[in-house]
Amino acid sequence: MSKTFDRFASLAFLVLGVAFVVGSQNISASAYGSNVGPNIFPMGLGSLQILLSLRLFYETFKYKQEGEKEKQKLDYKRFLIILVAALFYVLLLEEIGYVISTFLFLLVGFQTMQKGKWLNSVIISGAFSFGVYLLYVEVLDGTLPGLPTWLGL
Amino acid sequence: MGAIDYLLDGFATALQWQNIIFAFVGVLIGTVVGVLPGIGPISGVALLIPVTASLTSGLPPEAAATSAIILLAGVYYGAMYGGSTTSILLNTPGESSSVVTVLDGYPMAKQGRAGVALSIAAIGSFFAGLVSLVGLVFLAEPLSEVALKLSPADEFSLMILGLCALSGLAGKSVTKALMMTVFGLLIATIGLDNVSGVARFTFDMPELYSGLEFLTIAVGVFALGEVFKTILERDINEGEIAKISRILPTKQDLKESAGPILRGSLVGFFKGIVPGSGATLASFLAYLLEKKISKTPEKFGKGAIAGVAAPESANNAASGGAMIPLLTLGIPGTGTTAVLMGALIMYNVQPGPLLFEDHPSIAWGLIASMFIGNVMLLILNMPLVKVFAKLIETPPKYLIPMIVAISVFGVYAVRVSVFDLVLLLLCGLVGYFLAKNDFPMAPLVLGLVLGPMIENNLRRALTTSNGDFSIFIQKPVSLVFLIIAVLWITVPLIMKMRGKKVIVNEE
């Protein structure tokens with residue numbers, strides 16, 4: 001159990017609870033034909049969240065001192081590359097189309113997971129992005145952003 | 001009409017060619033999901049919701065819902081079969097419900113009996129699947145009839161009980177589990193209120209009017225959360241895979257495992273019905289039970305076949321048993337059934353007592369298809385187990401980025417919005433960090449799914465009582481539910497305070 005994380009989390013959830021309670025003040029208090037309005041439920045839940053967050057905050061003081069436990073080494077580099085790539089992927093999806101964005105994301109993803117075997121990576125990402133697009137758009141009549149129009153194809 | 005007639009009608013639905021295919025695809029993917037480490041039943045089901053949504057888009061609404069739920073349920077119980085494969089061959093459970101199988105499964109594999117262990121696991125799973133289905137057939141009608149008599153106040157309290165049951169056993173800290181439950185309920189209130197039509201917490205953003213999509217959140221916290229975990233923690237096993245030689249068990253093996261399979265099935269089934277306990281706990285209990293009543297308890301841990309048969313039967317029976325509260329009461333008892341419920345709601349099908357009356361072909365079609373699916377699984381898992389074992393060697397290099405791509409594709413196919421894709425990534429991040437610090441995700445999803453219904457019943461009950469909250473303790477049925485709910489949370493707490501070890505359910 002990480003004391004720091006739990007403290008931050010309890011504070012974040014506390015803020016969230018307060019936000020919902022405050023926000024529910026702006027919702028009209030009664031609905032037609034009923035004296036129980038749409039504000040009751042979120043307000044009650046928000047208050048409950050506040051109480052629970054306080055409880056968790058209190059609990060963090062009772063955590064046993066964290067020993068010199070060997071910290072697990074986290075692979076932040078790979079993670080950040082893939083996360084940023086995924087972010088670009090979803091933001092560019094509608095701009096450059098499904099096939100290109102998926103192909104690029106997979107290529108970056110495969111190479112980040114493990115370098116080398118470029119040919120395999122290219123073939124698999126190409127097959128996946130084209131395959132999914134063809135199957136979904138042509139066979140199942142779904143909609144995905146196609147190739148960008150500025151390619152002039 | 002009795003249960004048997006309904007069941008026969010169900011078989012007529014389940015035996016339509018497209019439903020046979022859906023069941024087959026479901027159990028096949030389920031087995032694969034079970035075998036592949038790093039992707040469990042819950043993320044498997046969540047990932048496949050959008051895929052099934054596009055596959056069934058050409059069918060009429062009711063048939064589409066039937067086919068979709070047949071496939072998704074197939075993934076759920078199929079994963080219970082597949083989970084044992086890595087436990088036995090690789091000493092790493094494919095998912096949490098197969099954790100105990102490792103204890104005796106891997107030693108068996110080391111003794112060269114991997115094939116026997118795998119086939120006993122498959123036979124046990126098959127038998128357990130049948131036991132839980134028979135229970136489902138006979139309990140479904142009476143339970144849903146009782147459930148129909150519940151007033152809004154009773155239903156509200158029953159759902160509170162469901163939430164408390166899951167939170168009480170989900171993870172190490174009850175406070176954290178409750179926080180996640182409330183968090184789920186809170187984000188369920190975003191969007192237009194279905195009673196009054198008032199916009200809540202939308203900040204005039206058009207994306208928020210229909211509320212945060214269940215699918216996006218489920219795929220994010222489960223599928224992407226697991227992917228991030230695998231990347232960050234290099235959660236990649238490089239152990240040696242045991243060889244499979246002989247597959248068919250000997251007569252002696254069958255004789256030794258008959259009892260454990262039967263007891264495991266019963267334990268699992270009853271554990272499954274109780275909300276919140278789920279397959280993991282069931283397999284633990286079944287294993288402990290076998291060890292306790294065995295004449296040779298010292299053999300356990302060294303390759304006793306009973307130590308494979310009992311937990312594997314139990315986890316499969318539990319997954320069948322968990323369908324009972326979902327279908328009859330509309331209360332999912334585990335994370336995976338909560339995701340299944342979300343899928344049904346996406347098809348405008350409300351699980352619960354009315355399901356059997358309004359949509360008998362969905363309810364009974366699903367039950368009948370589970371019989372068929374279990375037969376398929378037995379066939380898939382006995383002769384083809386060597387093929388599935390090869391899957392373990394799938395390089396994570398390709399698997400991990402592809403899961404991200406499938407998540408993005410699925411969410412975009414259903415929602416067609418970049419907003420949801422960003423939300424998806426955000427949920428993955430939040431899901432990973434919260435889950436890593438023992439904030440369980442299953443209560444969040446359950447809260448999200450049950451939120452609108454809890455609120456409806458709360459407001460209907462309060463309207464009849466003119467805003468008087470005491471209605472929930474004046475109605476006897478509701479009072480009983482609430483008392484059980486309180487006990488469910490407090491009893492494990494008291495046990496923990498007394499220093500007893502409480503087994504928690506992790507999914």
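## Basis of the description

A residue is called buried when its relative accessible area is under 20%, exposed when it is over 50%, and partly exposed in between, with a 1.4 Å probe and protein chains only. By this criterion Thr175(B), at 9% relative accessibility, counts as buried.

The structure is a predicted model, in which local features need pLDDT of at least 70 and side-chain atom pairs count only at pLDDT 80 or more, while totals for chains, interfaces and linings use all residues. Residues are numbered from 1 along each chain as its sequence is written, chains are lettered from A and ligands numbered from 1 in the order in which they are written, and side-chain values use heavy atoms, with hydrogens and water left out.

## The interface between chains A and B

The size of an interface is often given as the accessible area lost when the parts come together. For chain A and chain B the buried area (the accessible area, with a 1.4 Å probe, that two parts lose on being put together, summed over both) is about 5600 Å², and carbon and sulfur atoms give 78% of it. Phe20(A), Phe41(A) and Phe79(A) supply 12% of the area that chain A buries against chain B, more than any other three residues. In terms of contact (heavy atoms within 4.5 Å), 70 residues of chain A meet 61 residues of chain B.

Eight residue pairs, with both residues at pLDDT 80 or more, are in polar contact between chain A and chain B. A polar contact is a pair of N or O atoms within 3.5 Å; within protein, one must be able to donate a hydrogen and the other to accept it, and residues adjacent in sequence count only if both atoms are side-chain atoms. On the side of chain A that touches chain B, at least two residues each come from helix H1 (3–25), helix H2 (40–60), helix H3 (76–96), helix H4 (98–113) and helix H5 (118–139) of chain A. Helices (H or I, at least four residues) and strands (E, at least two) are DSSP runs, numbered from the N terminus. The residues of this side of chain A comprise 41 nonpolar, 21 polar and eight charged; Ala, Val, Leu, Ile, Met, Phe, Trp, Tyr, Cys and Pro count as nonpolar, Asp, Glu, Lys and Arg as charged, and the others, Gly among them, as polar.

One salt bridge is found across the interface of chain A and chain B, the term denoting a side-chain nitrogen of Lys or Arg within 4 Å of a carboxyl oxygen of Asp or Glu. Lys176(B) forms a salt bridge with Asp6(A), and the closest N and O atoms are 2.7 Å apart.

Thr175(B) is located in helix H8 (residues 174–188) of chain B. Leaving out residues up to four places away in sequence, Thr175(B) touches Leu52(A), Arg55(A), Leu56(A) and Glu59(A).

## Salt bridges within chain B

Over all chains the structure holds 13 salt bridges. In one of them, Arg200(B) pairs with Glu455(B), with the closest N and O atoms 2.8 Å apart. Arg200(B) lies in strand S2 (residues 199–200) and Glu455(B) in helix H20 (residues 442–464) of chain B, so the pair ties together parts that are 255 residues apart in sequence. Both Arg200(B) and Glu455(B) are buried. These two residues belong to a network of salt bridges that also links Asp193(B) and Arg459(B).

Glu233(B) forms a salt bridge with Lys436(B), the closest N and O atoms being 3.6 Å apart. This pair links distant parts of the chain, with Glu233(B) in helix H9 and Lys436(B) in helix H19 (residues 418–436) of chain B, 203 residues apart. Glu233(B) also meets Lys229(B) in a salt bridge, at 3.8 Å from N to O. Glu233(B) and Lys229(B) are separated by about one helical turn, because they are four residues apart in helix H9 (residues 214–233) of chain B. Glu233(B) counts as buried at 16% relative accessibility, whereas Lys229(B) is partly exposed at 36%; Lys436(B) is also partly exposed, with a relative accessible area of 36%.

## Buried positions in chain B

Leu163(B), in helix H7 (residues 152–169) of chain B, is buried with a relative accessible area of 6%. Its contacts, leaving aside neighbours within four places in sequence, are Thr181(B), Leu185(B), Leu446(B), Gly447(B), Leu450(B) and Ile454(B). Leu163(B) and Leu450(B) are 287 residues apart in sequence and 8.6 Å apart in space, C-alpha to C-alpha.

Ser97(B) occupies the loop between helix H4 (61–90) and helix H5 (101–110) of chain B and counts as buried at 4% relative accessibility. Beyond residues up to four places away in sequence, Ser97(B) touches Met80(B), Ala279(B), Thr280(B), Ser283(B) and Asn315(B). In helix H12 (residues 306–321) of chain B, 16 of the 16 residues are buried, so H12(B) is largely enclosed by the rest of the structure.
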